[in-house]
Structure formats: structure tokens, C-alpha cells
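Work through these exercises with the structure open beside you. Try each task before you read its solution.

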Amino acid sequence: MNLSELNPWILTLTTFLPALGALLIACLPRRDRDIRWFAMAISVITLLLSLHLPFHYGDVPLAGSGTFAYEQNLRWVTSPNIHYHIGIDGISLWLVVLTTFLVPFCVLASWKSIRDRVKEFFILLLVLETAMIGVFIALDLFLFYFFWEATLIPMALIIGIFGHQRRVYAAVKFFLYTMIASVFMLAAIIWLYAQSGTFDFTELQHLIATGAIALPGQTALWLFLGFFVAFAVKVPLFPLHTWLPDAHVEAPTAGSVLLAGVLLKMGTYGLLRFNIGLFPAEAHRNAPWIITLAIIGIVYGALVALVQPNMKKMIAYSSVSHLGFVVLGIYSFTQAGMTGAVYQMLNHGISTGALFLLLGMVYDRRHTYEIKDYGGLATPMPVYATLFLLITLSSIGLPLMNGFVGEFLVLSGAFQAKALYGIIAASGVIWSAFYMLWLYQRIFYGTISPVNATLPDANLRERCILWPLAALALVMGVFPSFWMNSIDASVAGILGAQHGAASAQTLQVTVNTVHK
Amino acid sequence: MPTAADYIRILPEIVLSVWGIIVMFVEPILPEGRSRKGLGIFSAFGALAAIAATAYQAQPQFAGFGFGNMLHVDHFSIFFHLVVLLVALATILMSLDYLPFQKIDHGEYYALILLGSVGMCLMSSAVELVLIFVALEISSIASYILAGFRRHAAESAESSMKYFLLGSFATAFFLYGVALLYGATGSTNVFDIAAKLSGATRIEPLAYVAVALIFTGLGFKVACAPFHIWTPDVYEGAPSPVVAFMSTAPKAAAFAVLIRLVIDTASPNWFWVIWTAAVLSMCVGNLGAILQSNVKRMLAYSSIAHAGYLMVAFASASNRELGISAAMFYSAAYAAMNVGAFAVITQMSGSGERYSQIDDYSGLGKRSPMLAAALTFFLLSLIGIPITGGFFAKFYVFSAALRTHLIWLTIIGVANSGMGSYYYLRLIVRMYMYEPRTEAPAPKVGFGIAMAIAISLIATLWLGVLPNAVLHYTQAAPTILASH
């Protein structure tokens with residue numbers, strides 16, 4: 001059999017392999033060691049499968065809609081008319097790979113720290129992986145909603161069962177926030193279906209663009225808001241962010257990594273794909289206040305992060321700030337801003353994911369996230385300190401690191417949209433350098449207490465986690481073009497659908513500037 | 001003269017009756033103290049045989065009227081037959097170990113379930129008011145006795161007594177309604193009544209009173225507000241498997257009657273009656289459930305709320321195909337998930353049903369992961385999370401409501417299902433995120449209960465992943481109901 005015949009199935013395979021693995025784990029006896037290795041194997045195979053996607057992305061002829069690769073469209077339920085319609089473009093492509101890339105590290109990070117109910121933990125983790133990938137590949141609104149909700153339960157359980165002291169409160173808060181917000185999205189989806197008889201994203205996009213679905217009066221605005229609320233809570237956009245610090249602080253390391261690395265991206269991805277994809281006019285009209293919220297989030301998140309005594313909470317608030325950049329980039333409606341936003345999603349996944357992994361490692365040693373309990377760690381843990389610095393620099397966007405490319409593009413997009421946006425948002429970069437470097441100083445320099453003086457340095461398992469992430473942060477900073485090519489094209493497609501010719505030229509200029 | 005085909009049209013009822021009578025005969029012959037498990041297994045085969053009979057009856061040549069115009073076999077009746085019979089089967093299976101454990105191991109229990117099912121099956125196929133009444137009584141009387149089956153427990157006796165007294169009143173109301181409807185239309189046949197009511201230029205005031213009375217009677221049976229007061233007390237006291245049975249099967253049957261009698265005959269003014277009942281039931285059910293600390297009471301209020309969601313589907317029955325098929329799908333999905341939840345509760349209850357507080361479920365995820373996982377799945381289905389039957393059920397109901405432009409009802413319904421998720425989640429949180437309590441021991445799962453849970457699980461999952469087959473069946477049903 002020709003391997004290329006598998007092309008239509010590769011996405012399905014990548015998506016459901018983890019779920020299948022979870023099912024098999026459920027049948028395995030409770031031998032924790034075997035279960036860990038098995039989960040590791042499954043997640044690595046999934047990663048390898050998903051790597052097929054970027055390397056053959058250009059090879060496959062685009063079927064159907066013409067925008068999405070590896071497309072597959074099968075009938076699932078006849079009434080309502082639900083299709084199993086999946087496919088990826090240059091944006092979701094990388095988000096899928098980001099997901100599959102982070103999960104093996106989560107498995108590794110949970111190797112020692114999860115001792116109780118290991119079986120349940122890895123089942124939940126793998127089910128979560130399937131759901132997360134599903135969110136990024138679904139092109140049927142119903143299917144999308146299904147995967148969207150499906151991420152909720154395993155994540156809430158991971159926080160609630162394996163988290164820290166106030167885990168139940170955090171899990172319930174996380175669940176209710178997301179659940180209630182997504183009900184609005186469901187209502188909007190059903191409304192669209194009632195009008196058009198289809199859940200298909202590309203069809204709906206076409207129907208709305210051509211005016212075949214009548215959107216009288218304020219209807220378009222309400223639909224836009226229905227989707228927007230669900231995504232804004234997930235992002236989280238100021239002032240809907242209050243669930244995030246609690247969820248992050250209470251979640252186990254793997255939970256925090258996936259929450260920050262992938263789940264938040266589901267929100268920004270949704271804004272980009274569905275809010276702008278389906279309701280471009282409304283998105284343009286509402287951009288000013290959304291950008292305002294995003295900028296408030298950037299500054300507010302950074303300032304609150306600055307004063308946190310708890311490391312994990314600080315990184316959580318820094319996420320609010322970073323994701324503000326992403327939303328700003330998306331709603332700048334410029335090629336540079338949007339491309340930067342997508343790139344920043346990946347960067348944030350890598351750097352914040354890595355930061356949570358790093359914090360998890362000292363937590364495993366000292367069982368505290370309070371900054372005041374640390375200090376002078378550079379002496380007993382030199383390797384750890386070095387890697388922490390690399391990731392810190394990536395997070396604050398030092399040139400040559402990945403964060404720089406994303407932030408630069410977003411800011412240049414913001415300046416193109418309105419100079420004021422760029423000026424205020426740029427201050428966020430300064431704040432982030434402030435709180436991250438201050439954190440670094442307080443943890444790694446200064447006097448060392450006797451308890452900390454004997455801490456062991458990063459062991460082999462931990463180095464296996466950290467080196468690839470740090471290396472990737474560097475590579476993504478030096479050779480962004482590998483990622484940019486496909487992102488560019490898809491962003492141009494989205495923008496092109498908005499107002500004719502996209503400003504591809506502007507992008508070329510900005511990318512060149514970045515390289516210099 | 002009845003023909004052979006007439007008998008086939010009541011074949012499931014015949015099978016159930018014969019089986020029930022055999023069980024009744026064998027019971028006194030068996031020596032005192034001897035296990036009645038064999039009788040239970042025999043009864044389970046009875047339910048299976050009745051399912052087979054229903055499948056046989058489903059052939060196209062048997063569709064239509066039977067025994068004059070007494071009953072009508074169609075998609076609609078067969079669908080509800082299957083729901084009732086599957087619930088009966090699951091109930092019998094989950095009682096196999098429960099009865100000896102609670103020291104109430106009597107054979108007539110199984111006979112009552114089988115005979116009660118006769119009434120419920122008949123309710124879904126009867127189109128003659130008097131026959132409907134008789135069927136309703138058969139089903140009710142069996143339920144009254146079953147509710148008091150834990151006769152050593154005072155709360156079970158209380159449960160039975162309350163159910164009986166209030167239930168008798170409700171049936172009396174129903175009977176008045178039937179009489180007045182006959183007075184108003186001059187017929188006791190649903191099809192005739194439908195023709196008369198829809199053709200009439202002026203509807204007699206009597207008909208309005210009749211509909212109100214009939215709705216009162218049936219509203220009691222389906223436990224919709226404001227006729228719901230009995231539900232929590234009765235559910236709390238009755239044996240858990242019986243609650244599984246009577247919160248689903250008689251309810252489904254009563255809904256079938258409601259569809260045939262109130263909606264399908266285009267009874268005057270039904271819309272606002274149903275609308276009000278729907279809103280009240282959803283709000284009262286969900287608010288009440290939030291306040292409960294006893295799992296059975298909580299699910300009792302939840303069943304009131306679900307009756308409300310079903311009423312939403314009824315209210316949108318102005319578009320027959322959508323509303324009625326959504327209602328049918330909902331009753332099947334609700335039966336599957338609620339029976340499953342009560343199967344787990346039966347297993348958890350301990351001797352004398354000691355462990356029925358929410359606190360007793362603390363750490364169940366650790367003590368018995370499989371039971372906790374199953375219960376979680378059923379609860380998620382009751383919330384309406386995708387890949388469970390509960391999701392599509394709610395989806396069909398609310399999209400039917402939207403398509404018939406019942407915007408406010410949809411908003412109230414969606415808000416209610418959001419509110420409802422709180423108390424189901426609270427139980428899930430208890431199971432997984434609290435430390436286990438030592439005095440509630442990890443129960444050992446018997447074969448019967450495992451089968452009952454498996455049946456419910458498969459049904460819930462099937463309705464949630466591949467709803468097509470069931471949906472097509474339900475969509476075919478309304479077109480052959482009375483006024484078509």
C-alpha cells in the first residue's frame with residue numbers, strides 16, 4: 001500500500017492515538033512504572049506522527065475548500081447535519097505540533113511528582129491531548145464545540161485531583177467559568193445552524209460572506225459576542241482572567257504546562273479562526289475596545305505579576321500579559337500583527353510551558369512556590385540556573401530568542417494600526433523584563449539558606465525536558481522563516497478574505513528587519 | 001372478533017403478564033428463606049422475551065389499530081415499549097443482589113415490575129381513553145406497592161403511603177378529565193377527539209376544563225411542577241432500584257400519553273399550560289436540587305428539572321416533527337442515564353440504604369474507580385456534556401424550541417441547565433477530590449448490577465455518539481400520530 005494514501009487519515013490518527021492509548025492504559029494493571037512508559041511511548045509516537053504534518057504540508061493538493069490541508073469530510077450525524085470535517089492550515093498546523101510536542105514533556109515532568117493514582121492521571125492526560133488536538137483541527141462548528149468541551153473535563157479533573165491545597169476551589173472555578181462562557185458560543189452555533197442548516201465552517205463562512213444568511217439588525221453583533229465571550233474567557237482577556245491564577249497555582253506541573261501552553265491558545269485560535277473568520281465586519285467594528293482590553297491586560301498582567309510573592313502566580317499573570325499581546329496582534333488586522341500573534345502563541349507555549357516545568361522541578365525539591373523561600377540557587381544548581389536564564393530571556397523577548405520575533409511583529413502591527421496602541425503595548429515588554437529578571441535575581445542570587453544549599457542540580461530526566469525546549473526557543477529565534485512560511489500564507493489568506501490584497505510587502509519588510 | 005394480528009399487537013403485554021403470573025405462582029411454592037435470585041433471572045428473561053415480542057410486532061404488517069380502535073401500534077408505541085422494557089430489564093438486573101442484601105427478597109417484587117410494565121406499555125399504545133385509564137392504573141398500583149417494598153423501613157412506608165394518596169387523587173383528576181372530554185366531544189377515542197377538536201369552529205368550555213384536569217393527572221405522574229411535591233419524599237424512601245424504575249419508565253409512558261392526548265389532539269390552550277409547567281419545573285427542580293444533601297433527593301429534584309426540559313420539547317410541538325421527536329429522544333436518553341445513575345446508587349446504598357448522603361460519596365474515585373467513572377459519565381450526561389446521550393437530547397430539545405421561535409423558553413432552559421450543572425458537578429467533585437470516608441466500605445459489584453450499569457452505559461454512549469438510528473425512528477413517529 002502506498003503510504004501517501006494515508007494522507008487523509010494522518011490527522012485522524014494523530015488526534016485519536018492518545019485517546020486509544022488512554023483506553024489501553026485503562027485496561028493495564030496498576031503497575032505505575034509500566035503505565036508511565038506506555039504513556040511516554042504513546043505521546044512520543046503521536047509527536048512523530050504529527051511531525052509528518054509540517055514536513056509534507058506543501059505536498060498535498062488542497063482539496064475542497066482550498067484553504068485546508070489534510071482535509072477529511074465524513075458524515076457523522078445526519079440530523080442535525082454534523083460532519084466529521086477536519087483539516088489544518090498554516091496556523092492550526094503549528095498549534096497541533098505544539099500540543100503533541102508539549103505532552104511528552106508533561107509525561108516526563110509527572111514521572112516522579114505524580115505518585116498517587118498514576119493510572120488515572122495518564123488516562124486524563126492522554127484524553128486531554130486528543131481533545132486539544134481536536135480543537136485545532138475541527139472545521140465543523142459542532143465538532144469544534146465537542147472537542148472544546150471535551151478539554152474541560154480532563155483538565156478540571158487533573159487540577160482537582162492532582163493539584164495542591166485549594167485544588168477543588170480552583171477546579172470548580174475553572175470549570176464553571178469556561179462552561180458558562182461556552183454556552184453562549186453554543187447558542188450562537190445553534191442559531192447559525194437554525195438559519196443555514198449546516199455546521200460546516202467553510203460553508204458558513206461562504207454563506208455569511210455572500211449574505212446568504214440574513215443577519216438582521218444587531219444579530220451579527222450578538223453572534224460575534226457569543227463566540228467572543230467563550231474565547232475571551234479562555235484566553236483569558238482582562239477582565240475575565242480571574243480563574244487563571246487560581247487554576248495555575250493549584251494545578252500540578254503538567255496541568256499548568258498544558259493550561260498555559262495549549263488551552264489558552266485555544267482561545268486565541270478561536271478568535272482568529274471563528275470570530276474573524278465568520279464575522280469579519282463585526283470584528284473590525286469591535287476591534288478598538290477589544291484592543292483596549294488587550295492592552296489593559298498587557299500592562300495590568302505585568303504589573304500584577306510584578307508584586308506576586310508566589311512564583312507560579314507570577315508566571316500565571318505574565319500569561320495574561322503575553323496573551324494580551326496575541327490578542328492585540330490579531331485585532332490589529334495587519335499582516336505583521338497577525339503573523340506575530342500566531343508566532344507568539346507558539347513562543348508562549350514553549351517559554352511559559354518551560355517556565356512551569358522549571359518551577360515544578362524546584363517544587364519537587366522544596367514543596368513551595370514562595371519566592372522568599374529561595375535565593376542563591378545558582379550555586380547548588382548551576383545547570384538548572386543556566387537553563388532557567390535561557391528560558392527567562394526567551395520569555396522577555398531578547399533578540400535572537402523566539403519571544404523577540406513574535407513581540408516585534410505584534411508591536412510593528414500595532415504601530416501600523418495606531419501608534420498609540422504600539423506605544424502603550426511596548427511598555428509591557430519593559431515590565432516583563434522587570435519582573436522576570438527580578439524573579440531570576442531573587443531565586444538564583446543573594447544569600448542561600450542551608451536548606452537550599454544542598455539541593456541537587458537538574459538530573460538527567462530533567463535535562464531531557466529542558467534542553468530541547470531551550471534549544472527550540474533559540475532555533476525559533478534564529479530561523480523563524482521555517483515556521484513563518486506557512487503561517488504567513490494562511491494569515492494572508494485570512495486577511496485577503498477581509499479586504500482584497502494583503503499587505504504581504506509590509507511583512508517582507510518586517511521579517512527582514514527581524515533578521516537584521 | 002379479534003384476529004391473530006390483534007393479539008400480536010398486544011404480544012409484549014401478553015408475554016409480560018404471563019411471565020408475571022408465573023412468578024406469582026412460583027413464589028409461594030418456593031420454601032421460606034430460599035433465595036429468589038432464580039425468579040429474578042427468570043423475570044429478566046421475561047423482559048427480554050417482551051423485547052423480542054416488540055421487535056416482532058414492529059414489522060410493518062402489524063402497524064395500525066388493534067381490537068377495534070382500542071390501541072394503535074406504530075413507531076411511537078414501539079419506541080416507548082422498548083424504553084419501558086429496557087428500563088424494566090435493567091431494574092430487574094440491579095435488584096438481583098440488592099433484594100437479598102436488604103433482606104426483602106420476595107418474588108412478587110419481580111412480578112410487580114413485570115405487571116407494572118404491562119400498564120406502561122399499554123399506555124403508549126392505547127388510543128381509547130378508558131383503556132388509557134386502566135393502563136395508567138395498572139402501572140400506578142404496581143409502583144405504589146414497589147415504593148413501599150422496604151417494609152421494615154419507616155421512610156419506605158411513608159413513601160408508599162404518600163405516593164398512593166396523592167397518586168389516587170391525581171388519577172381521579174385524570175378520570176374526571178376523561179369524563180368531561182367525552183362530554184365535550186362525544187367520543188372516547190383519541191383519533192375521533194382529535195378530529196372533532198381540530199375541526200370544531202367553537203370549542204366548548206368543557207373541553208378546556210377537561211384538558212386542565214387531564215394535565216393535572218398526568219403532570220403528577222411525570223412529576224412536573226406544580227404537581228411535583230411528592231417526588232423527593234417518595235424517591236428518598238423507596239428502594240433505589242425502584243426509584244430507577246419509577247423515575248423513568250412510568251414517566252416515559254405518561255409522556256407518551258401526554259403526547260397522544262394533549263398535544264396530538266390539538267387540545268385547546270395546551271401551549272401556555274405546557275409552557276408554564278416547563279418553566280416552573282426547570283426552575284423548581286434545579287433550585288431544589290442545589291439545596292439537597294441526600295443523593296436520592298437531589299436526583300428527585302433533578303428528575304423534576306428534566307421533566308421541565310421535556311416539556312420544552314412539548315411546547316415546541318407546534319412543529320410536530322421537531323418537537324415530538326425531540327421529546328421522544330429525550331425520554332430515551334433520560335431513561336438511560338438516570339437508570340445508570342440509580343444503578344450506581346443502588347450499589348452504593350449499603351444495608352438499609354444507609355449511605356445515601358452526598359458525603360458518603362467522598363473519595364469514591366479512590367475506593368472503586370470503575371463505579372465512580374460510571375457515575376461520572378451518567379452525571380455528565382445529565383448535565384449534557386457531548387458524547388453522552390444527554391447532550392443530543394438537550395440539543396434536540398433546545399434547537400426544536402429555537403426553530404419554533406420560543407426564544408425565551410430556550411434562554412430559561414439553557415440558563416437552567418447551566419445552573420443544573422452545579423449540583424451534578426458537586427457530586428463528581430466529592431467523588432474525586434475528597435478523601436474517602438472509612439465507614440462507607442468499598443462495595444463489591446455483583447453480576448446483575450454490572451450488567452445493569454453496562455446496559456445504561458452503552459445506551460447513553462450510543463445515543464451520544466451515533467444518535468442517527470434512534471433519531472430517524474423518532475422522526476418517523478409523529479407523522480403517523482392521530483391528526484395525520
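Predicted model: local features only at pLDDT ≥ 70, side-chain atom pairs only at ≥ 80, totals over all residues.

**Exercise 1. Where is the cis peptide bond from Ala225(B) to Pro226(B), and what is its omega?**

Step 1. Locate the proline. Pro226(B) belongs to the loop between helix H9 (205-222) and helix H10 (230-237) of chain B.

**Exercise 2. Describe helix H10 of chain A and the place of Leu264(A) in it.**

Step 1. Check the length. H10(A) covers residues 253-278, which is 26 residues. At 1.5 Å a residue they should span 38 Å. The end C-alpha atoms are 36 Å apart, which agrees.
Step 2. Look for a bend. H10(A) bends by about 40 degrees at Leu259(A).
Step 3. In H10(A), 26 of the 26 residues are buried, so the helix is largely enclosed by the rest of the structure.
Step 4. Zoom in on one residue. Leu264(A) lies in H10 of chain A. Leu264(A) counts as buried because it has 24 C-beta neighbours inside 10 Å, and the cut-off is 20 or more.
Step 5. List its partners. Leaving aside neighbours within four places in sequence, Leu264(A) is in contact with Lys234(A), Val235(A), Leu259(A), Ser319(A) and Leu323(A).

**Exercise 3. Phe333(A) and Lys103(B) each have a positive phi. Which is buried and which is exposed?**

Step 1. Start with the angles. Phe333(A) has a phi of about 55 degrees, although it is not a glycine. Lys103(B) is not a glycine either, and its phi is about 60 degrees.
Step 2. Phe333(A) is in the loop between helix H12 (311-331) and helix H13 (335-366) of chain A. Lys103(B) is in the loop between H4 and helix H5 (108-125) of chain B.
Step 3. Count neighbours. Phe333(A) has 21 other C-beta atoms within 10 Å, so it is buried. Lys103(B) has 10 other C-beta atoms within 10 Å, so it is exposed.

**Exercise 4. Glu407(A) is a charged residue. Is it buried or exposed, and what does it touch?**

Step 1. Find it. Glu407(A) lies in helix H15 (residues 402-417) of chain A.
Step 2. Count. Glu407(A) has 24 C-beta neighbours inside 10 Å, so it counts as buried.
Step 3. Name the contacts. Beyond neighbours within four places in sequence, they are Phe325(A), Gln344(A), Gly397(A) and Val429(A).
Step 4. Take one pair. Glu407(A) and Phe325(A) are 82 residues apart along the chain, yet their C-alpha atoms are separated by 7.3 Å.

**Exercise 5. How are strands E1 and E2 of chain A arranged?**

Step 1. Check direction. Strand E1 (residues 69-77) and strand E2 (residues 82-88) of chain A run antiparallel, joined by 6 bridges.
Step 2. Check the link. E1(A) and E2(A) form a hairpin with 4 residues between them.
Step 3. Leu74(A) stands opposite Tyr84(A) in E2(A).

**Exercise 6. How many residues does each chain give to the contact, and which helix of chain A supplies the largest share of its side?**

Step 1. Count by chain. Chain A gives 23 residues and chain B gives 18 residues.
Step 2. Find the helices. On chain A's side, helix H5 (141-162) and helix H6 (167-196) each supply at least two residues. The largest share, 11 residues, comes from H6(A).
Step 3. Sort by type. The side of chain A that touches chain B has 17 nonpolar, 3 polar and 3 charged residues.

Definitions and conventions:
Residues numbered from 1 in each chain as written. Chains lettered and ligands numbered in written order. Contact = placed C-beta atoms within 7 Å. Nonpolar A, V, L, I, M, F, W, Y, C, P; charged D, E, K, R; others polar. Pairing = 2+ DSSP bridges. Expected span 1.5 Å × (residues − 1). Bend = angle between axes of the 7 residues up to and from the residue. Buried ≥ 20, exposed ≤ 12 C-beta atoms within 10 Å, placed from the backbone.
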